[in-house]
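Hi,

Here is the structure I said I would pass on.

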Amino acid sequence: PDNPAGPTYPRGTAVQDLTKSVSQTIHYQFSDGRSVGSDQVQTLIFDRKATIDEVDGTLVYTTWLNGTASTGRYTPVATPQITGYTADQQRVAGNEAVTSADQNTDVVVTYTLNTEQAVVTYVDATTGKTLATKTLTGDYQTASAYRTAATIASYVSRGYELTSDDFPTSGLIFNHDGVATHYLVRLAHGT
């Protein structure tokens, strides 16, 4: 036949010349830079065909296509929720018009600790009036150094008696994500 050595393919017709990928990677991390779980990766594959003129060897490429379209799309991604933390993005937007010429994209979602709140209310059990209120704040899963003993002792020195104290004796851990915890200390007039 006319070409006994078989076809030879010119430079520009290898798989890497006819296929390319474009990716969006979402990295999840804590505010200190530690990784949170796995990255979310969306990859689009674009292909094109090459036609070789057997007489002069020139190449003619088709348009890069993602399936049958010249663009692909990244779908929006909801950010995973982590108890005790707030993400700086609740959702990573999609992109409806990704082309083969686009660069890979990296998006970082950062989680910061929530500030939690607790309220200690000191009440006169005889009159029902609030004597004092102490608002405590701290990061999620941290311990408060606050104890009710000193405030109770102050009221006892003024003639009150402790009726009840539902504040944890071992201290408070801020672990009620997004919910203020309320504690009541009841004091009655001494006899």
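Below is what I found in it, going from the whole chain down to single residues.

First, the ground rules. This is a predicted model, where local features need pLDDT of at least 70 and side-chain atom pairs count only at pLDDT 80 or more, while totals for chains, interfaces and linings use all residues. Residues are numbered from 1 along each chain as its sequence is written, and side-chain values use heavy atoms, with hydrogens and water left out.

**Whole chain**

There are 2 helices and 14 strands; these are DSSP runs numbered from the N terminus, with helices being H or I of at least four residues and strands E of at least two. The radius of gyration is 33 Å, well over the 16 Å that the globule rule gives for 191 residues, so the chain is more spread out than a compact globule. (That radius is taken over C-alpha atoms, and the rule is 2.2 Å times the number of residues to the power 0.38.) Along the principal axes, the C-alpha atoms fill a box of roughly 120 × 25 × 20 Å. Of the 191 residues, 29% are buried, where buried means under 20% relative accessible area, exposed over 50%, and partly exposed in between, with a 1.4 Å probe and protein chains only. Among contacts (heavy atoms within 4.5 Å) with a separation of 6 or more, 62% link residues 24 or more positions apart.

**The β2-β1-β10-β7 sheet**

This open sheet has 4 strands in the order β2-β1-β10-β7, and its pairing is mixed; two strands pair if DSSP finds at least two bridges between them. β2 (40-47) and β7 (85-87) are at the edges with a single partner strand each, so one side of each has no neighbour in the sheet. On average, neighbouring strands here are turned by 15° against each other, direction ignored; axes are lines fitted to C-alpha atoms, for helices over the stretch in contact, and angles run from 0 to 180 degrees between N-to-C directions.

β1 (residues 19-30) pairs with β2 in the antiparallel sense over 8 bridges. K20 has F46 as its bridge partner in β2, and Q24 sits opposite Q42.

**The β12-β11-β14-β13 sheet**

Again we have an open sheet of 4 strands with mixed pairing, in the order β12-β11-β14-β13. Neighbouring strands are turned by 20° on average, direction ignored. β11 and β12 run antiparallel and share 9 bridges, with A118 opposite L136. α2 lies across β11, β12, β13 and β14, at about 145° to β13.

**Cores**

The largest nonpolar core has 14 residues, and V120, Y122, L136, F167, L172 and L187 have the most contacts inside it. (A core is a set of buried Ala, Val, Leu, Ile, Met, Phe, Trp, Tyr and Cys residues joined through side-chain atoms within 4.5 Å.) β11 (115-124), α2 and β14 (181-189) each give it two or more residues. A second, separate core of 10 residues includes Y28, F30, A87 and V107.

Q141 has a positive phi, near 65°, without being a glycine. You'll find Q141 in the loop between β12 (130-139) and α2 (149-156).

Cheers
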